[in-house]
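Please look over the structure below. The report that follows covers a chain-to-chain contact and some helix packing.

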Amino acid sequence: MTPLLSAAGVTAAILVWAAVTVAGVVPAQTLPGPAPVAARILTLLTDREFYEQFLDTLTTWVLALGITGVVAVPVGLLIGYFAFLRRPTELVIHGLRSVPSTALLPVAILFFGLGLQMKFAMVAYAIIWPLLLNTAYGVRSVDPTAMYVARSLRWSTPRSLVGVVLPSAAPGIASGFRIAGGIGLVVVLSAELLGASRGIGTVLVRYQQSDQPDFVYAGIVLVGALGILLQYTLGQLELRLIPWSPAAR
Amino acid sequence: MVTGRPLGPRAAARGWLERPIRVLGAIWLAVVLLVAWELKFRPGESVFMPPMSAILGAFVQQWFVLDPGQLFVTDHFQTNAVPSLLRLAQGWTIAAAIGIGAGLVLGIWRPALAFLNPLIRFGMSTPSTALLPIVIVVFGITSSMNVALIAMGSTWSVLINTIDGVRSLDPTMINAARSLRLGRSAFFWRVLLPSASPQIFAGLRISLGIALILMVVSELYAATSGIGHVMVFAKTTFRFVDMWSAIVFVGVLGLLLNGLFGLVEARVLRWKLESSRGAGGS
C-alpha cells in the first residue's frame, strides 16, 4: 500500500508540473516542463564533461568527510573523555560553529584560490563542529559499568579509549557523520556556485547564465539524486560498521 | 540545564572563589586562541589577516554607537544588517509555519505522508544552495530571492522533526485520551502538540542555523545590501578588516540567536523539565 501511494505521489507531482507548464501559468524560461528536463538529464548523464565535474564534487565531499573525520573523531573522544577539556572546548566550538562557513568563503578564496583545496577547507570548517560535538556527546553515553570493568582490568587510558569509549560512542559518531554529510554537500555546492573553478555547481551557474533553465533543473535533479545516494550510503555503512547502533535494530 | 544544587553554608563560604575558577576553567581556551591570533598576526604580517584587536575594534566601531537616538546602532547597521535580519526573520518564519503546519498534517494523516514521502526525501537531500540559480531567475536580485531561498532550505528540518514528533506519540497517551473521552481538538492541543513540541523545537533550532547559512550565501551570490554584500564589497575593495568585522558580526548574531532560542525553548518547554524532575507547580 505504502509503496503504491509513494509512486502515486511522484506521478501526481510530475503531472501537476506538466499541467502547470502546458497551461502556461509560469513562463517556460522560469519552469520548463518535465519532458525537456528529463531529456536534459539524459544528455547530462552521457556528457563526459558533466561526469568529470560531478566526480570533482564527489571527490571533494569524500575527501573532506574522510580527512575531517580522521581528525575530529580522536579529538572529540579526548574532549568528551577528559572533563577539564569539555567546557573550554565547547565554548570555542559553539563560538566558531555560529560563524556560518559560507561567511568565510571570501577568506578561503584569498588563501586557497579557486581549486579543490578551497572547497575542501570550506567543507572541513563546516563539518568539523558537528563531528566534534557528536563524538563528545557520544562519549558521555558510555556505560559507567564498562568503564569500571576496564579500570579493574587495569587497562591503560589509550586502551580503554579505543576498547570501551570508541565503540560506545560509535552510534553518536555515526549520526555526526550523517549530519556532516548533508551539510558538506550544501557547502561544496555553495563554494562551487560562488567561485570555485570546477564542480557541479559551476555547471549549474554556467547554464543559468546562458539562459538554459532546462539544464539547470536537470542538474538540480541529479544533485538531489546524489544527495539521496550519499545519505543512503552513509546509512548502509553505519549498519555494516556498527551493527550495535540503535539504527541497526 | 537544571543543576538544582542546594547551597549549604560551606558552599556559600567557598562560593566567592569557586565562581571565578569555574569561569576561568571554561574560557581559558578561547582566551588562548584570541591571544595567539593577536600575537601571530601583527600589523603588516599578512594583508588578509589583521590582528584580532583591530578586527574587534572595527567590529564595535562599525556596527554600534553610543547614541540612544540611533538605537545604539550605526547607519552601516541600518543599511546592511537590518535588511539581512528582516530576510532571515521572514524566511525562517515562513519555513517554521510551513514546516510545523504540514508536519502536523502529515504526521497525523498517514496516507498523505506515504503519498508525499519520496518528494520530501528528495527535497531534503537536495542541497538548498543548488536552488540559487532557480530562485534568482524567478525573483531576480530582490529581497524576495533571499527570503525564498532561506524559506525553501530551512523548511525541511522543521517538517521532518514535526512529523517524527507526532508519530512518536506514546500509544498509552492515545489510549488514555480515548478513555477520558477527550474531544479531537482537546486531544490535539493538550496531548499531541505538547508531546511533539520538544522535537519540533529541535527541528526549529537546526533550521535556524541553516537559515543563517543561507542568508549569507544568498547575499554573497547576489544582493545589493546585507551582511553578505558587505563581505563581498569589502573583499573586492581590499578592506580586509571590514570583511572580518562582518564575519564577526555574523558569528555574534549566530551566538545571540542560539542563546535567545534556548531561552524561548526553556520557557515553552518548562513543563517538560519540571515533569522530568518530578516537581509539580512552578
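Two residues are in contact here if their C-beta atoms, placed from the backbone, lie within 7 Å. The model is predicted.

Start with chain A. Pro36(A), Val37(A), Arg40(A), Ile41(A) and Leu44(A) of helix 2 meet a set of residues in helix 10 of chain A. That set is Asp214(A), Phe215(A), Tyr217(A), Ala218(A), Gly219(A), Val221(A) and Leu222(A).

| Helix pair | Axes come within | Crossing angle |
|---|---|---|
| Helix 2 (34-45) and helix 10 (213-241) of chain A | 8 Å | roughly 70° |
| Helix 5 and helix 6 (143-167) of chain B | 9 Å | roughly 140° |

Helix 2 of chain A passes helix 10 of chain A in a right-handed crossing.

In chain B, helix 5 and helix 6 are therefore oblique to each other. Helix 5 of chain B also passes helix 6 of chain B in a right-handed crossing. Leu132(B), Val135(B), Ile136(B) and Phe139(B) of helix 5 make the contact with Ser144(B), Met145(B), Ala148(B) and Leu149(B) of helix 6. Seven of the residues in this contact are nonpolar, one is polar and none is charged.

Now the interface. In total, 45 residues of chain B contact 43 residues of chain A. Several helices of chain B each supply at least two residues to the side that touches chain A, including helix 1 (9-40), helix 5 (132-139) and helix 8 (184-221). Helix 4 of chain B gives the most, with ten residues. The side of chain B that touches chain A has 34 nonpolar, nine polar and two charged residues.

Note on methods. Residues numbered from 1 in each chain as written. Chains lettered and ligands numbered in written order. Predicted model: local features only at pLDDT ≥ 70, side-chain atom pairs only at ≥ 80, totals over all residues. Helix = DSSP H or I, 4+ residues; strand = E, 2+ residues; numbered from the N terminus. Nonpolar A, V, L, I, M, F, W, Y, C, P; charged D, E, K, R; others polar. Axes fitted to C-alpha atoms, helices over the stretch in contact; angles between N-to-C directions. Left-handed = near helix turned anticlockwise from the far one by under 90°. Parallel < 35°, antiparallel > 145°, perpendicular 65-115°, else oblique.
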